[in-house]
Amino acid sequence: MKKITYVWAALTALLLFSCDDNTGSLGLDIFPDSDKDIKGNITTFDVSTRSEFSGAVFAKTNMGYVGKFTDPYFGYYEAGFLAQLNCTDSLTFPSVYDPVTNREGDMVEDKAYATELILEYDKTGGYFGDSLTACRMSVYQLNQDLDKQHAYYTDIIPENYYDANDPNSLLGRKAYSAVDLSFSDSVRASSTYYPYVRVGLPEELGQQILDESRQCEQNGTNFADRFKEIFKGIYVKSDYGDGTVLYIKRIEMNVAYKAYYKDSLNNIIKKKYEVDDKGNLVDSTYYSTRTFAATKEIIQANQFKNEDLKIKERQEETQWTYLKTPAGIYTQATLPLKEFEEQLSQDTINAVKMVFNHYTQQNDYNKYQYSISAPTYVLLIREQEKDAFFKENKLNDNQVSFLAQRSSNSYTFNNLTRLIMVCLAEKNTAKEKAGASWDEQAWLEANRSWDKIAIIPVLVGYDASATSSSSANIISIQNDLKPGYAKLKGGEDGPRVQMEVIYTTFKK
């Protein structure tokens, strides 16, 4: 442990840490003058880190991933997703127009003219890989419910939710590329354009939904409940192409019907210049839809298949550690809590800082054009808390979970004082409870993750109503399931990560 035992050095270093009121210091101004003989110190501890294979991670997100990609460094992986679609309680279809008995009706006939699935993504940052790779996706209808009370992970088995041997379970297929060249450059560049994949579904499906809606109207029952029974959801998988992964942000199924244009007196408006074979003006009609969308309240689960052999090879490297998404590798660190207890138990901790630097990632376009970039955000969390954090949709509390955004090839956590205090208090509580029977070695053996923290790539959601980025509130933190990786300095045989501690010693 290295010390600089000068007050001015400690105070200067405090200014270099981000302002944070979550410290273990009580402040100097509450002490009488006689107690203000202080010694300020800065010290550093070595922190050991290692790569850990994450295995399956919690897969419920508000985004669907579909596609295949092979990376020379981490190998092959494939993404697909399962989703339920929502039917609002107020959803109904218009009635059929009749000039005598139902002039208030709109529909030309009681028929569904088309059924389609729309999968929308952002034109900037809405996909990874080659924008022009020829791909194809298949859409299957689920025959089992996705349970809201169940925690779904990235190793979910889709075949448990649809019948792969039943040809009727296949709703449709669609060939696509991430950039749709059927639209002109000017259209794709317009602010109103959003790229999407449209998958045509069987007309019979739309007709079944329409018929069931009519039946519920006659029976006076809730169609939303009935919809959940007849349509349990979709499974979207990639079945052709290697090189592109789409990040689907909006999913909706549309059932189209034909309706009349009418005036304020419910008379059908006629077309001015189009006549039928009898010379009569043709009725003016249009197509409208009823939409069933995936929402944040509805279950959506992603499945990923990784080439585990290559990921395990990377995980076993000891000169550094890795962050690899999706569902690949995270970095585990062991906090020097024993050193804290031995050397700083009588001192006041003012600030604790850790920086995780990553090596610069070079894109070698001659060998491989689509190199994976480093994650934007990482979550530092106690190892024993990480699974519950995502399952329970928690936010960082700056006690056992902290966020950092990548800056200058590093992830910086400016004040982890509360984390240290929580860990030490947990052990002290157990010691006090055990009393004379306290066996520290046995307790440490039973609580092996007590001093462990995990560094995990995450996606952070902000309040869209915020007026500026500085005022935006974090509303969600989810496992980052986009392709990404960072090689962090550290590892069992690499340079140690440093924990910097500012503390004060009071003397009377």
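# Briefing on the predicted protein chain

Of the 508 residues in the protein chain, 45% are buried. The model is predicted. Its protein chain contains nine helices and 26 strands. Among contacts between residues at least 6 apart in sequence, 81% join residues at least 24 apart.

**Nonpolar cores**

- The largest nonpolar core has 41 residues, and those touching the most other members are Ile 209, Ile 251, Met 253 and Phe 292.
- Strand E12, which spans residues 250–260, gives this core its largest share, five residues.
- A separate core of 35 residues lies apart from this one, and its members include Leu 323, Ala 333, Met 354 and Leu 419.
- Leaving aside residues up to four places away in sequence, Ile 251 touches Phe 81, Ala 83, Leu 85, Leu 117, Ile 118, Leu 119, Ile 234, Phe 292, Ala 293, Ala 294 and Gln 300.

**Helix H4**

- Helix H4 covers residues 223–230, and its buried residues are Phe 223, Ala 224, Phe 227 and Ile 230.
- These residues lie on the same side of H4, because the arc they cover around the axis is only 125 degrees.
- The packing partners of the buried residues of H4 are strand E7 (135–141), helix H3 (203–219), E12 and strand E15 (285–293).

**Helix H6**

- In helix H6, which runs over residues 337–344, Leu 337, Phe 340 and Leu 344 are buried.
- Their arc around the axis is only 70 degrees, so they sit on the same side of H6.
- Lys 338 and Glu 342 are exposed, and they are carried on the face of H6 turned away from its buried side.

**The largest pocket**

- The largest pocket holds about 1,300 Å³ of space.
- Its lining consists of 45 residues, and Asn 62, Met 63, Leu 459, Gln 478 and Lys 482 are those nearest the centre of the pocket.
- Two or more lining residues come from each of strand E6 (127–129), E12, strand E23 (452–462) and strand E24 (474–479).
- E23 supplies the largest share of the lining, five residues.

**Strand E12 across these topics**

Terms used: Residues are numbered from 1 along each chain as its sequence is written. This is a predicted model: local features need pLDDT of at least 70, side-chain atom pairs count only at pLDDT 80 or more; totals for chains, interfaces and linings use all residues. Side-chain values use heavy atoms; hydrogens and water are left out. A nonpolar core is a set of buried Ala, Val, Leu, Ile, Met, Phe, Trp, Tyr and Cys residues joined through side-chain atoms within 4.5 Å. Buried means under 20% relative accessible area, exposed over 50%, partly exposed in between (1.4 Å probe, protein chains only). Helices (H or I, at least four residues) and strands (E, at least two) are DSSP runs, numbered from the N terminus. Contact means heavy atoms within 4.5 Å. The arc is that of the directions from the helix axis to the C-beta atoms. On a 1 Å grid over the protein atoms alone, a cavity is a set of points where a 1.4 Å probe fits but cannot get out, and a pocket is an open set with protein on both sides within 12 Å along at least five of seven lines; lining residues have an atom within 4 Å of a point. Grid points are joined across faces, edges and corners, and a volume is the space filled by probe spheres set on the points.
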